[in-house]
Amino acid sequence: MSDSDWQVEQFEQHRPHLRAVAYRMLGSMTEADDALQEAWIRLSRSDTAAVDNLGGWLTTVVGRVCLDALRARRSRREDYIGTWLPEPVVIPDDGPGPEQEALIADSVGLALFVVLETLSPPERLAFVLHDMFAVPFDEIAPIIDKSPEAARQLASRARRRVQGAAPDADADLPHQREVVDAFLLAARTGDFEALVAVLDPDVVFRIDAGAGSPLARPPVSGAAAVAEQILARGTRFAPHARPAIVNGAAGVVVGAGRRPFAVGGFTVARGRIVEIDLIIDPEKLHGIVFVS
C-alpha cells in the first residue's frame with residue numbers, strides 16, 4: 001500500500017469522529033465538512049511517519065481549523081439580527097434503524113448549541129474536546145496556545161455556564177413526541193389554553209431566519225406570550241408540520257414537499273416544552289431532503 005493510499009484509508013477511518021468534533025464546534029455540517037476538507041489537505045501535505053497517534057493528530061488539526069473559523073465567525077456575528085441556531089440534523093421519525101439510533105444517541109440538542117454559541121472560541125474548544133471527546137488537556141493546550149492548567153480552567157468555566165443554562169431535557173423520545181403532538185394539536189385547532197398547558201411557564205421561543213432577514217425576531221419568553229405568537233403566526237403552518245427527530249429530540253419539519261421551509265426543534269423537560277427553536281434560514285435547510 002502506498003503512503004497516499006494509507007493516508008486515505010486512515011482519514012476515512014477517522015472521518016466520523018472528526019465530523020462529530022467539527023459539528024459540535026461549528027454547529028454546521030456544511031462548515032464541518034469544509035473543516036474536514038482542510039484537515040485532509042494538511043494531512044496529504046504532511047510527513048506523518050513519526051506520528052504515533054494519527055487520530056489525535058487529526059483531531060488537533062480539525063480543532064485548530066474550527067477555532068480559526070469560530071474566531072472569524074464571531075467577528076461577523078456582531079451584525080446578526082435575531083437568534084443564531086445551528087444547522088439541524090434531521091431524521092424521519094418513523095422507527096429509526098440501528099445506524100440512525102446511534103446518530104440520535106450521539107446527537108447534541110439545539111438548546112445546548114445555543115449555550116455553546118455564548119462561549120468564547122477557546123472555551124468552546126476546551127469544553128467540546130475534553131467533556132465530549134475525552135481529549136486530555138495536555139493535547140488541548142497547544143491548540144489554544146495555553147498551558148494545560150489554563151485549558152482546564154477554560155473547560156471548567158464553560159462547563160459551569162453550560163450546566164447553568166442548558167435545560168435538563170427529558171430523555172424519553174416517545175414521551176417527548178407525545179408532548180410535541182399535543183402542542184401541534186393545540187396549534188392546529190387554535191386552542192390557547194391547551195397550548196399554554198404544554199408549555200413551561202418560562203418557555204423560550206427562538207427563530208433563526210438567517211443573517212439580515214426581515215423575518216428575524218428576538219426570542220419570546222413566557223407561556224402566554226409564546227402561545228400568542230404561535231397562534232398569531234403559526235396556526236396556518238401547523239397542518240403542514242410532520243414529525244421528525246431534530247438533533248436527537250422530537251421535532252417537526254414544515255412543508256408540503258420533500259424540502260421543508262422550516263424545521264422546529266423542541267426541548268421537553270419535566271413533561272413540558274421549555275424551548276422551541278425554529279429554523280427558517282434557507283441556507284441551513286438547503287441540504288435537507290425529507291421523505292416521510
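Trainee: Where is alanine 134 found?

Mentor: Alanine 134 is found in the loop between helix H6 (121-133) and helix H7 (137-140); helices (H or I, at least four residues) and strands (E, at least two) are DSSP runs, numbered from the N terminus. The model is predicted, so local features need pLDDT of at least 70 and side-chain atom pairs pLDDT 80 or more, while totals for chains, interfaces and linings use all residues. Residues are numbered from 1 along each chain as its sequence is written, and side-chain values use heavy atoms, without hydrogens or water.

Although alanine 134 is not a glycine, its phi is positive, at about 55°. The residue is exposed, with a relative accessible area of 61% (buried is under 20%, exposed over 50%, partly exposed in between, with a 1.4 Å probe and protein chains only). Arginine 270 also has a positive phi, near 55°, and is not a glycine either. That arginine lies in the loop between S6 and S7 and is exposed, with a relative accessible area of 64%.

Seven strands form an open sheet in the order S1-S4-S5-S6-S7-S2-S3, with mixed pairing (two strands pair if DSSP finds at least two bridges between them). Strand S1 (90-92) and strand S3 (220-221) each have a single partner strand and stand at the edges, so one side of each has no neighbour in the sheet. Strand S4 (residues 241-246) runs antiparallel to S5, and six bridges join the two. Proline 243 has valine 252 of S5 as its bridge partner.

Two helices may be described with the sheet. H9 lies across S2, S4, S5, S6 and S7 and runs at about 35° to S5. H11 packs on the sheet and touches S2, S3 and S7, its direction making about 45° with that of S2. Contact means heavy atoms within 4.5 Å; axes are lines fitted to C-alpha atoms, for helices over the stretch in contact, with angles from 0 to 180 degrees between N-to-C directions.

H11 gives the most, with four residues. On a 1 Å grid over the protein atoms alone, a pocket is an open set of points where a 1.4 Å probe fits, with protein on both sides within 12 Å along at least five of seven lines, and lining residues have an atom within 4 Å of a point. This pocket is lined by 29 residues, and those nearest its centre are Arg233, Gly234, Phe237, Leu278 and Ile280.

The second largest pocket is lined by 24 residues, with Val108, Gly109, Ala169, Asn247 and Ala249 closest to its centre. Helix H4 (98-105), helix H5 (110-116), H9 and S6 each supply at least two residues of its lining, and S6 gives the most, with four.

Finally, arginine 71 belongs to helix H3 (residues 54-76) and is partly exposed, with a relative accessible area of 41%. Apart from neighbours within four places in sequence, arginine 71 is in contact with Pro121 and Pro122. Its C-alpha atom is separated by 36 Å from that of arginine 242, 171 residues apart along the chain.
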